[in-house]
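Subject: Structure handover and notes

Dear colleague,

Please find the structure below, handed over for your own work.

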Amino acid sequence: MSTVLPGRTAQWAALGEQLDLLRRGTGGVALLDGPPGCGRTALLDAVTARAAATGTTVLRATASAAERPVPFGVAAQLCGRPLPDPGPDQAARALRVEELGAALPPGPVLVAVDDAGETDDASLGLLCWIARRTGPGRPVLLLVAAPGAALAHDLRRCPAAREHVVGPLDADAVAEVCRARPGPGPEAVLAATGGHPGLVAALLTDHAAGRTTVPGPALVRAVEVLLARLPEGASRLALALAVTGRRTAAPPPATGAVPGPAEPRRSAATCALAAAGLLTGDELPGGVRDAVLAGVPPTELRALRLRAAERLHDRGAPVADVAERLAEAGGALPSWAVGVLVRAADEALCDGRTATARTLARAAVTAAAGAGPADVLAADTCATCAEWRAGPGLADRLLTRPAAAVAQLPDPELAPLLRRLLWHGRTDEAGAVAARLRAVGGPDTGAVEGWLVRTHPGSAGPGPAPLSARPGPVPGDPAVPAWTAVADALAAVCTRDRRAEAAATAEQALVRVRPRDHACWWPEVAFELLLVLVYAGRPAVACERAAAIAAEEPPGPGRALVRAAGAEAALRLGRLGAAGAAASAALEIGPGDWGVACGVPLATAVVAATRAGRLGDAAALLARPVPPALFGTRYGLHYLFARGEYHLAADHAHAALADFLSCGELAVGWGLDRPGLVPWRAGAAAARLGGTTPRDEGRSEARRLLQEQLAATGAGPSGERGTALRLLAAAGRSAGREQVLEEAVAVLEAAGDRYGTARALADLARVHAGARRHRRALATARQALTLAVDCGADALATTLRAHCTADPDPEPGRTAAVLTAGERRVAELAAAGLTNREIAQRLHITASTAEQHLTRVFRKLGVRDRTSLPASLGPGTAAEPEAASA
């Protein structure tokens with residue numbers, strides 16, 4: 001027969017063995033013990049039913065505290081008839097016990113008594129008489145549930161006694177119960193109830209009634225009843241645990257200065273709670289804790305929490321324990337509470353427990369309302385740090401008081417406040433903080449200055465930027481403060497010939513350095529270090545590190561920061577789809593969270609959309625409002641370059657050139673003129689080649705800019721060097737164009753820039769076509785098409801598809817026969833890559849006339865656009881295609 005109760009398989013099997021022995025003529029004693037409400041009665045009922053089903057005579061009784069004064073009350077239930085009281089004479093009572101024992105029916109007999117610990121003294125004599133006379137040849141099984149300490153002690157001495165403990169359900173048993181009844185998951189049920197069967201049933205009853213918030217009324221009532229059935233002191237200890245959260249620190253919960261319970265009683269109560277599953281370590285299960293507190297009036301509960309906090313504070317308990325009680329109490333708090341809450345919030349921030357820190361910091365702000373200026377300032381500063389972790393936008397309003405009281409701020413709080421003010425573009429207030437920081441000096445001043453002049457140069461003070469923020473420890477040393485590592489890496493990447501050092505510093509810091517103070521937010525540090533890797537020409541490493549760090553961050557602003565840096569790295573690798581998706585996802589956090597740093601993900605998203613040919617999406621991104629202070633930051637350089645690239649793709653060459661030159665002017669003036677940050681010279685050169693500047697002047701200026709970029713990038717492979725070579729081929733003479741483009745392809749492939757490689761291969765395919773190497777042109781174009789599709793450059797892929805589907809070796813005679821002389825001259829120049837405006841200037845016609853000629857050429861030759869024009873149009877094919885390739 002299978003068990004009828006979840007989690008009672010072992011007890012059921014053992015009791016079944018005793019019943020089998022009983023039927024074979026061997027009696028015994030079975031004790032069902034365990035905490036109240038764990039199913040002792042249900043198990044006893046199941047055993048008696050099983051015994052009756054097999055023909056065993058069952059005598060059943062239930063004791064109770066109310067009937068305990070009645071002599072032979074339980075014995076009367078077993079006999080099924082009233083029994084007169086023989087009086088207090090012990091001999092008479094012993095004789096009555098002998099008579100009742102001898103009158104038991106012939107075996108097998110099961111004598112079952114529930115709540116046996118409440119049995120009257122006279123009936124206890126009968127139970128002990130039966131227990132002493134069980135065994136082989138005496139087919140009587142005495143089954144007692146909840147025997148109580150005294151009776152259990154006597155019965156355990158019987159040789160045939162076996163004890164069966166019925167305790168809380170384990171995880172498998174709770175899962176079995178939950179499968180039979182709809183409700184929360186078994187893990188949640190176990191965590192809320194500790195596995196106590198009665199509480200599990202109550203919680204599921206609440207859920208079935210639609211009370212999904214724990215605790216519901218059934219659970220509250222079940223906890224109240226259970227605690228009332230436990231030994232004296234258990235209810236009081238449970239309340240103390242619910243208030244303080246820990247057994248070892250539990251103060252007396254009663255009102256007034258009442259001493260705690262005596263240690264033996266406290267120990268018995270603790271054991272009772274643990275046996276019932278109501279202690280997990282030193283804490284109550286969550287649902288039990290809430291159920292206990294639900295029965296306490298709010299005013300009394302607040303007083304209990306305050307007294308608990310005071311007692312913990314007086315005992316020197318950890319500030320986290322004290323602060324938790326203070327935060328739960330809320331309202332007016334003692335004068336010492338502000339300092340405790342602030343310290344506890346700082347500890348939580350250092351441990352990464354942002355939600356806890358925010359709760360404690362808010363409690364500190366409330367508690368400081370009636371305190372002195374120092375406490376108010378400490379609470380505001382703490383709240384700023386905590387809210388910053390949840391979202392920089394949340395902290396913006398909290399910066400006002402600390403910024404106004406900068407003279408009273410502790411020195412370690414100055415640098416974090418400066419960074420936060422600048423993040424939100426509050427440059428005037430930041431200036432006052434920076435002045436105070438310089439005045440007090442300190443070990444971190446050099447690092448702050450190094451970061452400031454390379455991130456917010458528009459707000460930095462006069463004087464050259466320090467090239468090294470600190471002497472001493474090697475890069476990546478865990479002892480180095482996080483922002484010092486950032487300043488070191490930025491200093492190196494902004495210095496010529498130190499890109500490798502910058503990359504090493506950033507990479508080691510990302511692996512080994514972690515913030516050790518409450519004011520330092522790791523995602524913000526990682527954002528800067530990842531950008532340094534990008535600037536230093538290590539975008540693949542930056543992508544890998546960004547993915548790893550983002551996986552560790554919870555959803556929110558921190559992950560968005562890391563993903564934004566990873567998106568910029570993906571863009572440098574030509575992964576347009578991944579870059580655009582990551583940048584767009586990063587921009588989905590609160591609009592106030594990004595501050596001036598919004599320039600980075602916005603720029604990445606704009607460039608990715610532009611290169612993919614989605615100019616409408618890029619225009620929509622550029623229409624978003626940005627803080628005016630953005631253009632005084634390094635992030636603003638990203639934004640200006642991206643806007644210039646959009647204008648260039650939209651045929652607004654003048655606007656593009658203005659943005660690129662503005663970007664360059666700021667970069668040069670700020671000492672940030674490194675191609676790895678923003679290759680503004682390449683952008684300006686492309687705008688020169690694609691604009692209306694007179695041809696020779698535009699080409700000459702473009703070549704000058706590109707030569708400067710090549711000199712600045714050095715000889716190693718990089719996307720900036722490869723792009724400069726590609727554009728230099730377009731700006732130079734046709735004779736050496738093929739060689740320069742082949743070098744550009746090699747450099748871009750080595751740098752891992754798939755989009756740049758596709759662009760260079762497309763230009764090389766046009767050069768091959770112009771030299772009538774049609775099959776080689778087709779093969780190169782197909783290679784470029786594969787890369788363009790792979791990296792998401794849809795506009796470039798569309799152009800290349802036309803190349804790949806055009807006739808690779810058209811017949812010159814057929815072309816000449818169908819075109820007029822004027823159409824042929826226009827077609828020659830268009831095939832060579834000139835724009836309509838340039839064709840009009842060359843042939844002294846209007847741009848409209850050139851466009852009309854080209855429309856007829858396309859129709860007659862059966863091609864879709866100028867990129868599909870045959871290269872063999874006659875002598876004019878030697879014209880130079882620099883505008884198209886730019």
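This is a predicted model: local features need pLDDT of at least 70, side-chain atom pairs count only at pLDDT 80 or more; totals for chains, interfaces and linings use all residues.

Residues are numbered from 1 along each chain as its sequence is written, and side-chain values use heavy atoms, with hydrogens and water left out.

**The chain as a whole**

The chain holds 45 helices and 5 strands, where helices (H or I, at least four residues) and strands (E, at least two) are DSSP runs numbered from the N terminus. Of its 886 residues, 53% count as buried; buried means under 20% relative accessible area, exposed over 50%, and partly exposed in between, with a 1.4 Å probe and protein chains only. The accessible surface of the chain comes to about 36,500 Å², and 55% of that belongs to carbon and sulfur atoms; these areas come from the Shrake-Rupley method with a 1.4 Å probe, and for residues only the protein chains shown count as cover. Among the contacts in the chain with a separation of 6 or more, 67% are accounted for by residues 24 or more positions apart, a contact being heavy atoms within 4.5 Å.

The count of disulfides comes to 0, with a disulfide taken as a pair of cysteine sulfur atoms within 2.5 Å. As for individual cysteines, C79 is partly exposed at 33% relative accessibility, while C543 is buried, with a relative accessible area of 15%.

**Two helix pairs**

Helix 37 (residues 737–751) and helix 38 (residues 754–770) have axes that come within 9 Å and cross at roughly 160°; axes here are lines fitted to C-alpha atoms, for helices over the stretch in contact, and angles run from 0 to 180 degrees between N-to-C directions. Helix 37 and helix 38 are therefore roughly antiparallel to each other, given that angles under 35 degrees count as roughly parallel, over 145 as roughly antiparallel, 65 to 115 as roughly perpendicular and the rest as oblique. On the side of helix 37 the contact is made by R737, E738, L741, E742, A744, V745, L748 and E749, and on the side of helix 38 by G756, T757, A760, L761, D763, L764, V767 and H768.

Helix 26 (residues 522–535) and helix 32 pack at an angle of about 50°, their axes lying 13 Å apart, and the two are therefore oblique to each other. F527, E528, L531 and Y535 of helix 26 make this contact with R634, Y635 and H638 of helix 32.

**Single residues**

L573 sits in the loop between helix 28 (557–572) and helix 29 (576–586), and counts as buried at 5% relative accessibility. Which residues is L573 in contact with, leaving aside its neighbours within four places in sequence? They are P539, A540, C543, A751, G752, D753 and R754.

T610 belongs to helix 30 (residues 599–611) and is buried, at 7% relative accessibility. With neighbours within four places in sequence left aside, T610 is in contact with L615, A618, E645, Y646 and A649.

R624 lies in the loop between helix 31 (615–622) and helix 32 (634–649), where it is partly exposed, with a relative accessible area of 39%. Not counting residues up to four places away in sequence, R624 touches L587 and L602; the C-alpha atoms of R624 and L602, 22 residues apart along the chain, are separated by 9.0 Å.

F72 has a positive phi of about 60° although it is not a glycine; F72 lies in the loop between strand 2 (57–62) and helix 3 (73–79) and is buried, with a relative accessible area of 1%. D651, likewise not a glycine, has a positive phi of about 65°; D651 is found in the loop between helix 32 and helix 33 (653–670), and at 70% relative accessibility D651 counts as exposed.
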